[in-house]
Amino acid sequence: MDGKEILNQHLGMIDAEINRAFNGHDFPKPLYDIMKYHLGWLDEELKHVDQYGGKRFRPTLCLLTYNAIGGVYDKALPAAAAIELIHNFSLIHDDIEDMDTERRHKPTVWKLWGVPHAINVGDGMHVMANLAALRLNELNVTHSKIVDVIGILNRTVMDLCEGQYLDMSFEGRTDVTTDMYLEMISRKTAALIEASTFIGAVLATNNEELAGHFRKFGRKIGIAFQIVDDIIGIWQRTEKTGKPTASDIRNKKKTLPILYAFEKASKKNRKLLTDTYKKDVLSDEDVTNILNVLEDVDAREASQKIASKFEREALEELNRSRVQNEAMDKLKALANFLVNRTY
Ligand code: GRG
C-alpha cells in the first residue's frame, strides 16, 4: 500500500472524530462554519462541499503508531483529532501572519472574513483541539494518560510559537546559519509531528524506551518533511511554463537551500545574495540570479541529502523499536511518501 492510499484509508475516521468535537457547538453558527470551511467541509458560502482539506498525515501517524504498538485504533482517535485541529489552527494564524491569500488552492480565512474574525476562529479551533482530546475520558483512558496527552499537546503549541518567533526573527537577517535553521524547524514543524507519534505511543504503552523510539522517529521525519517542503517551495514547477515557481524566493523566505547557498557561495555570489535579499521586492531577474547561485552550489542536491539523512535516522529509530507488523510497514511507507512527495 502506498502513502496516498494509507492516508485515504484513515481520512474518514479522522474527519468523523473531528466532526464529533463540534457536537454541541453551534452558536453563533458562522464561527464554527468558518472552522469547517478551513477544514475543507464547507465552501466560501458556507454550504456543504467535499473538497481537499489537507493530507491529515499527522493524525494518521498517531493512529498508526498506536496501532503498531497496541494492535487496535480506537483509543487514539480523540488525540489524533486534537493534533489535526492544532495543525489547522496554526495554519489559520500562519496565514494571517504571512498575509497569505491562498491555502489548499482556496482563499484563506482572513482573506474572506478579515483578520479579527480569523484570529478568533483560529483561537476557537485551538480550544476545540483540547476539548477533542478530552473525549479520551469517554474511552476509559486513565486520567494520568489524559494529563500526559494534554501536557504534550500544550507544550507542542509552545514549541510552535517558539519556532514561529525564530522564523520571523530570521527575516531581514543575512547571518542565519543552517544549524540555526534546523533548530527553528525542529520547533515550528517537527514538534507537532513528533507529538503525533509520541502521543500514539504514550497511549499504547507504559514502556518509555519504546515510546522514545517512536517519538524520535516523528521528530526526524518531521525535519525531513520540512526540508522537502523547502525544496518544493523553490523548485516545484508551474503547470503553465514548466519553470520553477520559486515562490519562497519571491517571498524572500530563509529556507534551507538559500541558507546553504549563503554559506557555500563564492564571495561575489554571496554579495549578490546579500544585496538581493536587502531589496523590498524581487524582480524576475533577481529570482533568476538567485536560482543560478543555488544551482552553482548544488543547493537542491545538498538539501535533498540532508533530508535523506534525517529520513534514514528516522527509520533507524523505528527499527530500534523492534516492532514488526502491518502498521509498522504502513508507518515506513508513509515516511517514504512524506519525503518523496511533490505537493
Ligand atoms: C498563534 C499560539 C499561536 C501559535 C501558532 C503560526 C504558528 C504559531 C506556527 C506556524 C507553524 C506552521 C504553519 C508551520 C508550517 C508547517 C507546514 C510545512 C505546514 C504544512 O503542512 P501540511 O503539508 O499541510 O501537512 P496540509 O495542507 O496537508 O494540512
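Helices here are DSSP runs of H or I, at least four residues long, numbered from the N terminus. The model is predicted. By that numbering, Glu-295 belongs to helix α13, which spans residues 284-296.

**Negative patch**
- Glu-295, Asp-296, Asp-298 and Glu-301 come together on the surface as a patch of negative charge.
- Glu-295 has a relative accessible area of 60%. It counts as exposed because that value is over 50%.

**Nonpolar patch**
- Val-127, Leu-131 and Leu-134 make up a nonpolar surface patch. Together they have about 250 Å² of accessible area.
- Leu-131 sits in helix α6, residues 115-134.
- The relative accessible area of Leu-131 is 38%, so this residue is partly exposed.

**Helix α11**
- Helix α11 runs over residues 256-264 and is mostly covered. Of its 9 residues, 7 are buried.
- The buried residues of α11 are Leu-256, Pro-257, Ile-258, Leu-259, Tyr-260, Ala-261 and Phe-262.
- Their cover includes α8 (178-204), α9 (208-235) and α10 (247-250). Also among the covering elements are α12 (267-278), α13 and α14 (299-320).

**His-87**
- His-87 is found in helix α4, residues 77-98.
- His-87 is buried because its relative accessible area, 10%, is under 20%.
- Beyond its neighbours within four places in sequence, His-87 contacts Arg-58, Arg-104 and Leu-192.

Technical notes
Residues are numbered from 1 along each chain as its sequence is written. This is a predicted model: local features need pLDDT of at least 70, side-chain atom pairs count only at pLDDT 80 or more; totals for chains, interfaces and linings use all residues. Side-chain values use heavy atoms; hydrogens and water are left out. Helices (H or I, at least four residues) and strands (E, at least two) are DSSP runs, numbered from the N terminus. Buried means under 20% relative accessible area, exposed over 50%, partly exposed in between (1.4 Å probe, protein chains only). Contact means heavy atoms within 4.5 Å. Patches are made of residues with over 30% relative accessible area and no salt bridge: like charges are joined within 9 Å, nonpolar side chains (Val, Leu, Ile, Met, Phe, Trp, Tyr) within 5 Å. Accessible areas come from the Shrake-Rupley method with a 1.4 Å probe; for residues, only the protein chains shown count as cover. A salt bridge is a side-chain nitrogen of Lys or Arg within 4 Å of a carboxyl oxygen of Asp or Glu. Lys and Arg count as positive and Asp and Glu as negative; His and the chain ends are not counted. The place of a charge is taken as NZ of Lys, CZ of Arg, CG of Asp or CD of Glu.
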